[in-house]
Structures are given as structure tokens and as C-alpha cells.
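Please look through this entry with me. My notes are set out as numbered points.

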Amino acid sequence: MRCFFVYNPVSGKGKIVKNLDYIVSRLKEKYDEVETYATKCAGDMERAARDAVGKYDAIVFSGGDGSFNEVVQGVGGSDIQPELGYIPCGTVNDIAHTLGIPRRIKSAVDTIVTGVNEMVDCMQINDRYAMYVVAAGAFTSASYTTPQKKKKQIGRIAYGLEGIKKNMKFNVFDLKIKSGEDVLTTSGVLVLLMNGRYVAGMRANNRSSIQDGKLELAVIKQKKNPDFLKKIRAFIALIHLFLRGYSVKEKQIYRLEGSEFEIDTPENIVWNFDGEKGLCGKVSVRVLPKKINVIVPKHSKNI
């Protein structure tokens with residue numbers, strides 16, 4: 001079997017580079033051939049993953065949630081799905097938490113060598129892909145606007161500070177959401193589609209599975225031109241959603257489950273795909289059931 005190991009040398013404070021020889025030697029316990037490649041710029045991991053499809057039996061990669069998203073962008077459009085081995089070394093690592101993949105490098109590599117393959121769902125958004133979250137509105141830009149230097153210095157706290165700095169206005173935007181026979185026309189400050197248990201480092205979707213062919217959608221509703229008290233109420237609803245989970249009883253949160261959604265928003269609304277800047281405006285989101293072949297620990301439960 002042939003393995004392609006692509007890594008982001010910046011993620012994880014350079015830990016992958018320091019452990020490169022160890023990682024390669026362990027991968028050779030499972031694969032006959034291991035080729036390595038260090039990414040050079042944004043989007044390079046996507047390109048490398050796309051080029052590797054059909055040439056390698058496995059793509060092993062390291063980085064954060066954004067790196068996982070790049071790999072899924074690279075392989076998502078192909079009928080051939082190589083097995084994916086993931087070494088998480090980002091700031092939050094939501095996908096790793098959902099899949100039960102340990103954060104320690106040696107433990108993650110051990111998972112790749114001794115783990116089992118699982119086919120998991122991903123999302124298609126127009127002609128793009130995402131693994132665990134598609135979102136727009138309040139705080140969603142923090143994950144891709146936070147400077148890398150701050151992430152290294154103070155970790156996930158940097159996201160919170162960036163979110164407060166740029167999102168406390170809670171801009172209200174129009175929404176029209178269709179899913180089967182269900183139609184919602186409203187305005188809100190946040191729309192969130194989840195395909196995993198963890199979002200922003202919190203267990204916001206505890207009852208979900210990444211193998212059930214469904215998405216959970218949440219909208220924090222807000223009327224146009226809200227006064228101060230209504231803004232505070234929306235902020236409280238957002239806190240409830242993330243700290244108490246998707247099923248929390250909260251009048252200001254609209255919830256809907258389904259496998260396909262049409263969401264119409266103004267053209268200036270920017271979508272976040274797995275923590276990365278995505279498309280703008282109207283999107284079509286659907287589940288691709290058991291599309292991605294990923295290696296997880298043998299005893300992962302209820303992924």
C-alpha cells in the first residue's frame with residue numbers, strides 16, 4: 001500500500017516537523033511506501049490531496065480543522081476515496097473530538113497504524129465541501145480572521161477575543177430556509193448547520209452522529225433594528241446553544257433536522273466551512289452519506 005503524508009509545518013507550533021522521522025517510521029509499519037510533502041501556502045493541501053487521489057491508497061495529513069477541510073475539498077469530488085489518517089495539531093480540533101482521534105501526536109499516529117476504517121458523512125455546499133459545520137453570522141468569522149500569531153500565543157482564547165472584537169454588533173440579516181416541506185422566512189444573527197458533536201471546542205450537538213445522514217440546523221432569530229435588550233437576549237440564546245447544546249429549550253432558537261437545505265441570504269453574508277472562509281449568499285447544503293473514509297480508534301463510540 002502507498003501512503004502520501006502531507007502536513008502543515010506551521011500548525012501545532014512546528015511539532016510535526018520535530019516528529020517527522022518518528023511519524024514516517026511508524027507509518028512504514030503499515031504502508032509499503034510513504035511519501036511526504038510540506039505545504040507551502042493556503043490551498044496547497046487541497047491541491048496536494050486532489051493530486052494524490054488514485055495514486056495512493058492512503059492520505060495521511062496533519063493540521064487543524066481547516067487542514068481537514070482542505071483535504072475534503074481535494075477528495076470530495078472523486079468517486080475514489082482513499083483512506084484518510086489524521087494527526088490533529090490545530091487550535092480547536094473539533095473534527096478530531098467528534099471522531100475520537102487523540103490529539104497527542106504519538107497517539108494519533110498509533111490510531112492510523114492500528115485503527116479501523118469508518119465511512120462518515122460530509123456536506124456538499126454548492127460545489128464545495130465541509131465535514132462538520134457550515135455557518136454564517138455572529139462570531140463565525142473569528143476562526144479565519146484571527147491572526148496565526150495570536151493562536152500560537154494564547155490558543156482558543158484568541159478566537160473569543162477576535163469574535164468579541166468584530167462581532168458584538170450582532171448584525172441582523174434576512175433568511176429563507178427550505179428543507180423538504182418545511183420553509184422558514186425570518187431574520188437572525190446566526191445560522192448553523194452541524195454534522196458533528198463539537199463546534200468551537202464545545203459539545204454543541206451532543207446527540208448527533210456523523211454517520212446518520214442528517215444535519216442539525218439552528219437559527220438564532222432576531223428582529224430587524226433590535227434594541228439593546230433584544231441584542232442581549234440574542235447573545236444569551238447563543239450562549240445557551242453552545243454551552244447547553246442543540247436540544248436546549250430556547251424560544252429564540254429555531255431548530256430543524258434534514259438531509260438537504262436551501263438557504264437564501266443576502267449576497268454580503270459570508271459562510272464559514274469548518275472554520276474556513278467559504279461562499280457568499282445563497283447556498284444549497286446536502287449530506288453526502290458515508291462519503292469519506294477515515295481511520296478512527298478501534299473503540300470509538302457513536303461517531
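1. Basis. This is a predicted model, where local features need pLDDT of at least 70, side-chain atom pairs count only at pLDDT 80 or more, and totals for chains, interfaces and linings use all residues. Residues are numbered from 1 along each chain as its sequence is written, and side-chain values use heavy atoms, with hydrogens and water left out.

2. Helix α4. Start with α4 (residues 65-75). Helices here are DSSP runs of H or I with at least four residues, strands are runs of E with at least two, and both are numbered from the N terminus. α4 is mostly covered, with 11 of its 11 residues buried. Buried means under 20% relative accessible area, exposed means over 50%, and partly exposed lies in between (1.4 Å probe, protein chains only). Among the buried residues are D65, F68, V71 and V75.

3. S67. This residue sits in α4. S67 counts as buried because its relative accessibility is 7%. Leaving aside residues up to four places away in sequence, S67 touches N8, M45, F61 and S62. Contact means heavy atoms within 4.5 Å.

4. Helix α3. In α3 (residues 44-52), the buried residues are D44, M45, E46, A48, A49 and A52. Their cover includes the strands β1 (2-7), β2 (33-38), β3 (58-63) and β6 (128-130), together with α4. Just after α3, G54 takes a positive phi of about 90°.

5. Most residues other than glycine have a negative phi. D274 is not a glycine, yet has a positive phi of about 55°. D274 is in the loop between β13 (270-273) and β14 (276-280). D274 is buried, because its relative accessibility is 1%. K290 also has a positive phi, near 45°, and is a residue other than glycine. K290 belongs to strand β15 (residues 283-296). At 48% relative accessibility, K290 is partly exposed.

6. Positive patch. Which residues gather in a patch of positive charge on the surface? They are K13, K15, K18 and R103. Patches are made of residues with over 30% relative accessible area and no salt bridge; like charges are joined within 9 Å, nonpolar side chains (Val, Leu, Ile, Met, Phe, Trp, Tyr) within 5 Å. A salt bridge is a side-chain nitrogen of Lys or Arg within 4 Å of a carboxyl oxygen of Asp or Glu. K15 is in helix α1 (residues 15-18). K15 is partly exposed, with 47% relative accessible area.

7. Negative patch. E260, E262, D264 and E267 gather in a surface patch of negative charge. E262 lies in strand β12 (residues 260-264). At 31% relative accessibility, E262 counts as partly exposed.

8. G14. This glycine is in the loop between β1 and α1. G14 is buried, because its relative accessibility is 14%. G14 and G213 are 199 residues apart along the chain, and their C-alpha atoms are separated by 36 Å.

9. K301. Where does K301 lie? K301 is in the segment after β15. At 69% relative accessibility, K301 counts as exposed. K301 and T98 are 203 residues apart in sequence, and 9.9 Å apart in space from C-alpha to C-alpha.

Conventions. Accessible areas come from the Shrake-Rupley method with a 1.4 Å probe; for residues, only the protein chains shown count as cover. Lys and Arg count as positive and Asp and Glu as negative; His and the chain ends are not counted. The place of a charge is taken as NZ of Lys, CZ of Arg, CG of Asp or CD of Glu.
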